[in-house]
Amino acid sequence: MSDDYLVRIGKLIRDARQHRGWTQSQLAEALATSQSAVNRIERGNQNISLEMIARIGEALDSEIVSLGYAGPMHLRVVGGRRLSGSIDVKTSKNACVALLCASLLNKGRTVLRRVARIEEVYRLLEVLNSIGVRTRWINEGVDLEIVPPARLDLDAIDADAARRTRSIIMFLGPLLHRMDSFKLPYAGGCDLGTRTIEPHMIALRRFGLEIAATEGLYHAQIDHSVTPDRPIVLTERGDTVTENALLAAARHDGTTVIRNASSNYMVQDLCFFLEALGIRVDGIGTTTLTVHGVPHIDVDVDYSPSEDPVEAMSLLAAAVVTESRLTIRRVPIEFLEIELAVLEEMGVDCDRTTEYAADNGRTRLVDLTVRPSKLEAPIDKVHPMPFPGLNIDNVPFFAAIAASAHGQTLIHDWVYDNRAIYLTDLNRLGGRLQLLDPHRVLVEGPTRWRAAEMMCPPALRPAVVVLLAMMAAEGTSVLRNVYVINRGYEELAERLNSVGAQIEIFRDI
């Protein structure tokens, strides 16, 4: 870029920053860089990449700064490369978004350590900021500080950001204790078929919440005289349903019993966080949770969410399909034991260290080393079950792994309406996947992967599966419009490159 162009860009960035009311230090924290670097950028004295301009535009929510980015982000993948070395698992996406929602319970300062810097988190931060919650990245952009206002302004909610995340549904639990009525935009997120909020309502009606859905909004009314008079039985053992019930029970002045609760990793992390807020939760890790709520929570809390088992499975699958030797560190083993048992049955050569504690002091971690293996299709079908079964979000990775194995593998993804359909995108890369019905796919292996250019599937995990297959395919592939991957993974391309992948981020200009 010419010096004159750098000066013009610097002025645009400065104006956008000032328009938002940020200091250079605040922008630096959002970008995980230094104040002096921001100062040089604004004065036009530092070369700046297109990717950095995109990050600045996203941080400042500025159309002006993002004008240089006509179109979405894409990935160019040079496949056929072996991975090597070691890579750390990041903190859990699903735990982080639950804890952001849970911060609304607390009138004090909340600090969350090593929060995943992903689009899903950014959207929730935009929503929180729009209703008056102050958030900032601290400790060189690693940790997140959250300070609530005395009164939330739900009328000012950022509806566009709210509609781009399904996690907004978890605002219902904490908000029902703070006001008599409110409105929330419909929940969005991955395109995985229709999901009803009725299981949430069955639980939350017991706390006096009623919802009318009209014109793209949930209209909530709360009768504070209604309280649970018997155990709440969830009609589905869902993660977000359980979390919403926990969030509602946390500030209920009494004891709430929740039965048929999920005991999955993000639910356990939320329970640990509630305990840090001073709320006693009995039965963590089981399907019956007993919550001893408190009506007022005003504490300064510091909490470290645990690592993400689905990201760990993603990295494990990357090693398997590229026939690599790779060490994956900080794996939450409790939530991957069934997956590893299936993989060992298929012939995956893998060993693990002794267990050690995560930063939250509760979750058990190991380091896994995967080596090139000769794979055979499993005898039984691959299907998810609520924890402690095979994780629902880990099922798609078995499509790429099964395509690398000898024989036929039946994958039964019974939870989602459409996700199995997206797995057949692997056929564009040389896979042989036959869709038997909207929930079942028959995978024939082994596969000679081939490079291709294609659009990213609109569902998070199938999108990553396609990326992994591209890494295994000889030649250069292009995966277009990867926003959905950025929703759930922090700098996935850069981190895979650090262990030997060759993935280039680019945009249409």
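Phe387 is buried in this predicted model, with a relative accessible area of 14%. Phe335 is tucked away too, at 6%. The rings of these two residues have their centres 4.9 Å apart and their planes at 45 degrees, so the pair counts as tilted. It also links distant parts of the chain: Phe335 belongs to the loop between β14 and α13, Phe387 to the loop between β17 and α14, and 52 residues separate them.

Phe335 has another ring partner, Tyr265, and here the arrangement is edge-to-face, with 5.9 Å from centre to centre and 65 degrees between the planes. Because Tyr265 lies in helix α11 and Phe335 in the loop between β14 and α13, this pair ties together parts that are 70 residues apart in sequence. Tyr265 is buried as well. Put together, the ring pairs join Tyr265, Phe335 and Phe387 into a cluster.

Rings also meet charges. The charged end of Arg76 sits over the ring of Phe506, 4.1 Å from its centre, while Arg117 lies over the face of Trp137, at 4.0 Å from the ring centre.

Turning to the strands, an open, mixed sheet of four runs in the order β9-β10-β12-β11. β9 and β11 stand at the edges with a single partner strand each, so one side of each has no neighbour in the sheet. Three antiparallel bridges pair β11 with β12, and Val281 has Val291 of β12 as its bridge partner. Helix α10 packs on this sheet, touching β10 and β12, and its direction makes about 25 degrees with that of β12.

As for helix α3, its buried residues are Ala37, Val38, Ile41 and Glu42. They cover an arc of only 135 degrees around the axis, which puts them on the same side of α3.

Note on methods. Residues are numbered from 1 along each chain as its sequence is written. This is a predicted model: local features need pLDDT of at least 70, side-chain atom pairs count only at pLDDT 80 or more; totals for chains, interfaces and linings use all residues. Side-chain values use heavy atoms; hydrogens and water are left out. Buried means under 20% relative accessible area, exposed over 50%, partly exposed in between (1.4 Å probe, protein chains only). Helices (H or I, at least four residues) and strands (E, at least two) are DSSP runs, numbered from the N terminus. The arc is that of the directions from the helix axis to the C-beta atoms. Two strands pair if DSSP finds at least two bridges between them. Contact means heavy atoms within 4.5 Å. Axes are lines fitted to C-alpha atoms, for helices over the stretch in contact, and angles run from 0 to 180 degrees between N-to-C directions. Rings of Phe, Tyr and Trp (its six-membered ring) pair if their centres lie within 6.5 Å; planes under 30 degrees apart count as stacked, over 60 as edge-to-face and the rest as tilted. A charge sits over a ring if NZ of Lys or CZ of Arg is within 6 Å of the ring centre and within 35 degrees of the ring normal.
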